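Me: I would like to learn how to read the features of a structure, one at a time. Could we go through them together?

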Amino acid sequence: MLKFWRNPEFVRHARAELRPARAVMVGAIVVLLCAMIALACWSDRQTILANAEYSAQHYDGEWTAYAAGSRAEDGSRTWLLLCKWLFGLQGGLLTLWSLFACAQSVTGERDRKTWDFQRTTSLRPTEILIGKLLGEPVVVYFAVLCALPITLMAGLAGGLSTLTLLSAYISILAGALFLGLCGLWLSTLLESRSRGVGLITALGVYGFTAGTFGFATSWFPGLAAFSPLTGLHAVLDLSFNERKNVTPVLFGHSVPWLLVSLLLYLSFGAWIVLMLVRNLKRDYEEIRPLSRWQAVGCAAFLNFVFYALLQVPADRSTHSGLDSRIIGTFMVAINAVILFAIGLASLTPHERLRVWWRKRAEGATGLFSEDGLPWPWLALSAVVAYALLVWGLLAWRLSLDFHTRTFGTAAVQLLVVLVFITRDVLFIQWCTLTRMRQPVVKGFFLLALYYAAAGVVTAIAGISGEAATVSALGILTPIGVFNPQIEWLHFPASVYEGLALQAGLIAVIVVGISNRLGRVGIVAPSGD
Amino acid sequence: MIELTGLRKEYDNLVAIEDLTLSIPQGEIFGLIGPNGAGKTTTIRMACGLLTPTMGKAVVDGVDVAREPEKAQRSIGYLADFFAVYEDLKVWEYLDYFAHAYKVEESQIDARVNGIIAQVSLEVKRDALIRGLSRGMKQRLGIGRAIIHQPKVLLLDEPASGLDPKARLDLRNLLRWLQSQGTTILISSHILTELERFCTSIGIMEKGRTVRSGRIEEVTAAEQLKRDMRIAWVGDSTSVIQTRLTAHPHVASAQLADGSGTFQFGGTDDEVAALLADLVGAGVRVKAFGEVKQTVEDLYMKLSKHEVM
């Protein structure tokens with residue numbers, strides 16, 4: 001592995017974007033901004049001080065002591081305020097820029113047609129990854145470097161310890177690297193001339209990760225550590241509003257925010273690195289995010305994360321109605337999303353699926369092949385998810401209102417979800433065998449259209465009563481199973497009818513896929 | 001040096017390349033000929049690891065390209081029919097980047113960069129930003145990039161497209177020089193006259209298959225049942241020549257005009273010599289007599305069915 005500062009891709013970005021004139025300009029702007037922020041902080045403190053002194057002159061008592069204290073701490077408070085502002089700005093700028101710069105990286109190369117030349121070099125995918133991850137946002141890293149001495153000086157003068165300052169920088173850096181990886185993966189998935197789509201999606205990714213802040217008061221407070229600024233907030237003891245006393249838990253033990261942030265970034269980042277390393281040098285048409293076993297492993301990992309971060313009140317008498325059925329139903333719902341994502345990641349390219357089909361006809365390969373249809377692996381992922389659900393509920397049984405029947409209920413719920421997800425994933429797989437452009441995106445939209453239509457049908461059915469609504473929901477969607485009040489296997493009959501109907505639909509789609517694959521390939525120009 | 005074995009590439013319902021097998025020994029300049037859509041680009045992209053074959057394998061310098069792409073790519077220089085460069089770099093920085101990316105030994109990089117800059121005649125632009133270069137200069141820089149690591153194999157996909165006559169001449173000279181250094185070159189083109197001047201072997205592709213391949217003279221000989229002959233004479237001997245040619249069992253479609261003509265001859269070299277002696281013996285004052293060399297273009301027109309042109 002090349003050292004990153006000697007990585008050709010990093011050096012290329014550094015040379016192109018940090019030419020002496022530009023570097024001096026960036027440095028000057030940073031110093032100027034720092035000076036302006038310092039002035040603003042000083043002005044703010046002076047206003048507070050003036051108000052305190054005014055109050056002391058007019059009201060005496062506590063105000064006199066407050067004004068005296070403020071005057072005595074004025075210097076350090078001003079520095080602390082400046083330090084917090086600088087950290088906040090650096091964190092926001094670095095994470096945002098890192099995500100957006102990386103999100104345009106590979107797409108930009110495809111647009112400029114330089115990507116093929118880079119792919120034919122001897123650079124390994126890891127080297128390209130590191131070069132781009134650190135090289136694309138190199139200007140902002142440089143700006144942060146320029147602001148570093150001022151921030152450290154302000155922090156130390158403001159009374160922060162060296163460890164706190166170091167932790168804050170680690171938090172910023174970890175967030176920026178993680179979001180950079182997200183951006184890089186996003187740009188790998190986008191065709192050329194899709195930079196606009198990439199930027200919008202990147203904005204969505206940033207919004208989502210920033211929005212995880214809201215999880216701080218949920219059953220999974222640790223998920224809030226995904227937000228790039230959560231760790232920074234915690235380290236610098238910034239106002240957490242009503243969440244100030246919230247701490248994340250890991251396997252039931254309170255841990256620092258920064259630790260959870262680092263763990264999440266590291267573990268999720270590792271999966272993204274794996275996907276990038278597998279695919280970075282592949283042709284666009286040949287991208288396959290994960291191998292089959294990796295996909296199953298990813299499903300297990302995602303389930304595991306939820307159980308690890310679950311916060312259940314330690315004292316059973318204090319929690320309000322948190323029982324195993326609710327947790328079970330919630331985890332099945334989470335697995336609907338996980339299985340769909342795993343299904344999308346397991347779609348087989350047309351070309352490889354055709355090869356698998358021919359080999360299968362010759363008896364040379366089986367259902368669980370790397371190039372086969374994704375459904376056996378979805379089923380395996382669901383089995384793993386169920387095993388983890390059993391483990392998770394048993395692990396938490398002393399803290400929950402535990403019902404052994406939850407396992408049976410969850411099994412049926414997961415089965416229904418699996419059947420619907422399998423149908424949807426196979427439908428998208430069928431779309432990839434048609435001549436439509438961007439079949440995965442179109443298949444996804446067609447499914448969204450289906451569920452919207454199912455919603456309309458349910459609403460219309462609702463006119464004739466609640467039973468009809470339940471029937472429509474049960475037959476057309478998996479939503480019918482998400483009722484934690486259901487005991488054992490006593491689901492509405494429509495759930496089982498829906499299950500049978502979807503199984504039939506799956507058979508139809510598989511026949512459709514078989515027909516497509518059975519067609520003889522036409523020997524024709526590739527259009528080179 | 002380049003071994004393509006049973007290569008097949010499918011795109012959706014199309015089979016772009018079907019059972020392509022080629023073996024190109026070291027030092028050859030192999031011209032891949034075919035109309036647009038014949039599968040030339042796909043073949044080259046598979047040979048340099050940009051595309052994974054559906055079936056079969058591509059081996060370059062003894063390394064399976066699909067299995068060990070980075071190792072194989074150390075031996076491969078690739079040039080596409082477009083010249084995309086990093087516009088925000090300087091000329092030397094661009095070549096330095098690729099020298100490092102191809103893992104050229106650090107101690108050799110400066111000399112290699114300067115050598116290539118001289119070879120593509122960009123010395124005066126060494127420290128200039130690429131965005132300020134003319135199109136021709138950028139193309140030359142692209143060629144420099146492809147050979148910065150002194151590859152054993154050069155894969156060129158329509159390299160002459162968009163080049164001006166001077167640049168084409170330079171490219172041709174460069175390729176000849178590289179061949180003299182032992183570089184194996186696989187070059188695709190549909191400009192047949194370009195290939196004829198420096199290719200030692202050819203492969204004719206149509207609809208994803210090779211129709212013929214081998215050394216030019218072997219392919220020509222294999223296809224040439226009747227050779228084209230040309231004759232020129234002094235004086236009024238047209239009728240004598242016409243009579244002799246018509247009577248000869250190996251001569252076909254003789255077309256004679258005043259003082260010159262062509263005909264097809266199906267006999268051996270001895271029979272050609274005998275025919276010439278016969279004409280001279282009959283009093284024909286022959287001033288020129290010889291075989292019209294078949295061009296690659298002629299050969300291609302003969303072999304190709306032009307199904308995708």
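Reply: Gladly. Let us begin with a definition: helices (H or I, at least four residues) and strands (E, at least two) are DSSP runs, numbered from the N terminus. Keep in mind throughout that this is a predicted model.

Me: Where does Asp61(B) lie in those terms?

Reply: Asp61(B) sits in the loop between β4 and β5 (63–64) of chain B. Its backbone deserves a look too. As a general idea, most residues other than glycine have a negative phi. Asp61(B) is not a glycine, yet its phi is positive, at about 50°.

Me: How should I class the exposure of Asp61(B) and of Lys113(A)?

Reply: The cut-offs do the work here: under 20% relative accessible area is buried, over 50% is exposed, and anything in between is partly exposed. Asp61(B) has 26%, so it is partly exposed. Lys113(A) has 46%, and therefore it is partly exposed as well.

Me: Now a sheet, please. What is the strand order of the open sheet of six strands in chain B?

Reply: The general idea is that strands of a sheet pair through backbone hydrogen bonds, either parallel or antiparallel. In chain B, the order is β6-β7-β8-β3-β9-β10, and the pairing is mixed. β6 (76–79) and β10 (209–215) are the edge strands, each pairing on one side only. On average, neighbouring strands of this sheet are turned by 15° against each other, direction ignored.

Me: How many bridges join β6(B) to β7(B)?

Reply: Four bridges, in the parallel sense, link β6(B) with β7 (residues 153–157) of chain B. In this pair, Gly77(B) stands opposite Leu154(B). Moving on through the sheet, β7(B) and β8(B) run parallel and are joined by five bridges; there, Leu154(B) has Ile185(B) as its bridge partner. β8(B) also pairs with β3(B) in the parallel sense, over five bridges, and Phe30(B) faces Leu186(B) across that pairing.

Me: Which helix packs on the sheet and touches β3, β7 and β8 of chain B?

Reply: Helix α6 (residues 165–180) of chain B does, and its direction makes about 150° with that of β8(B). Helix α5 (residues 135–147) of chain B lies across β6 and β7, running at about 160° to β6(B).

Me: Why is β8(B) described as largely enclosed?

Reply: Because six of its six residues are buried, β8(B) is largely enclosed by the rest of the structure.

Me: Last, pockets. Which residues lie nearest the centre of the second largest pocket?

Reply: In general, rolling a probe the size of a water molecule over the atoms shows where empty space is left. The second largest pocket has a volume of about 790 Å³. Of its 35 lining residues, Arg278(A), Arg282(A), Glu286(A), Thr52(B) and Ala66(B) lie nearest the centre. The lining divides into twelve nonpolar, six polar and 17 charged residues.

Me: Which element supplies the largest share of that lining?

Reply: β4(B) does, with four residues. At least two residues each come from α11 (257–279) and α14 (350–361) of chain A, and from β4 (55–60) and α2 (69–73) of chain B.

Conventions
Residues are numbered from 1 along each chain as its sequence is written. Chains are lettered from A and ligands numbered from 1 in the order in which they are written. This is a predicted model: local features need pLDDT of at least 70, side-chain atom pairs count only at pLDDT 80 or more; totals for chains, interfaces and linings use all residues. Side-chain values use heavy atoms; hydrogens and water are left out. Two strands pair if DSSP finds at least two bridges between them. Axes are lines fitted to C-alpha atoms, for helices over the stretch in contact, and angles run from 0 to 180 degrees between N-to-C directions. Contact means heavy atoms within 4.5 Å. Buried means under 20% relative accessible area, exposed over 50%, partly exposed in between (1.4 Å probe, protein chains only). On a 1 Å grid over the protein atoms alone, a cavity is a set of points where a 1.4 Å probe fits but cannot get out, and a pocket is an open set with protein on both sides within 12 Å along at least five of seven lines; lining residues have an atom within 4 Å of a point. Grid points are joined across faces, edges and corners, and a volume is the space filled by probe spheres set on the points. Ala, Val, Leu, Ile, Met, Phe, Trp, Tyr, Cys and Pro count as nonpolar, Asp, Glu, Lys and Arg as charged, and the others, Gly among them, as polar.
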